[in-house]
Amino acid sequence: MKALTLALAALALTTGSAAAETVTITLTGVEARPGRILASLSTRDQFMRAAPAHEAVAQPVAGGVTLTFENVAPGDYALMVMHDLNANGQFDFGTDGWAFSNSARPMTGPPAFDDHKFAVGDAPVRLTETLRYGF
């Protein structure tokens, strides 16, 4: 698996008063396709407001990818991942790869923060999610 540390914007995920933690995401099902994988952790207010903003992997290889988000402030977050096959910065329904935290069950409608949230507290967090292609 390819490991990658993402430097996230301090204003987006940290506060000066609380201890920050590490969130490690293992993505499975990655296909060796063109484009890039983008990933972000979102708060309720940020969720589904824009395409993931933190580039994770350019020209991914098949298999798994490990993403590490450092200095994440305590709170509730949702992971959003997109394999942007044509590098247009937009999710192309039916072709681009995607993953959300807690996405083991099939999605029956638009993603909702409460379905995909997980808590960051006073210990490191580890999640494993599957990158899916098409619907």
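These legends go with close-up views of a predicted model.

**View 1. Phe-47 and Phe-113 meet edge-to-face.** Let's start with one ring pair; the structure holds three aromatic pairs. Here the ring centres of Phe-47 and Phe-113 sit 5.8 Å apart and the planes make an angle of 70°, so we call the pair edge-to-face. The two residues come from distant parts of the chain, 66 residues apart: Phe-47 is in the loop between strands E3 (36-42) and E4 (54-58), while Phe-113 belongs to helix H2 (residues 113-116). Both Phe-47 and Phe-113 are buried.

**View 2. Four residues make one aromatic cluster.**

**View 3. Arg-44, Asp-114 and Lys-117 form a salt-bridge network.** Asp-114 has a salt bridge with Arg-44, with the closest N and O atoms 2.7 Å apart. That bridge also links distant parts of the chain, since Arg-44 is in the loop between E3 and E4 and Asp-114 is in helix H2, 70 residues away. Asp-114 has a salt bridge with Lys-117 too, this time with 3.7 Å between the closest N and O atoms. Shared partners tie the three residues into one network. How exposed are they? Arg-44 is partly exposed at 44% relative accessibility, Asp-114 is partly exposed at 46%, and Lys-117 is partly exposed at 32%.

**View 4. Arg-33 pairs up with Glu-31.** Their side chains meet in a salt bridge, at 2.7 Å from N to O. Arg-33 is partly exposed, with 29% relative accessibility, and Glu-31 is partly exposed as well, at 30%. The structure's salt bridges come to three.

How values were computed. Residues numbered from 1 in each chain as written. Predicted model: local features only at pLDDT ≥ 70, side-chain atom pairs only at ≥ 80, totals over all residues. Heavy atoms only, no water. Phe/Tyr/Trp six-rings, centres within 6.5 Å; stacked < 30°, edge-to-face > 60°. Helix = DSSP H or I, 4+ residues; strand = E, 2+ residues; numbered from the N terminus. Buried < 20%, exposed > 50% of the residue type's maximum accessible area, 1.4 Å probe, protein only. Salt bridge = Lys/Arg side-chain N within 4 Å of Asp/Glu carboxyl O.
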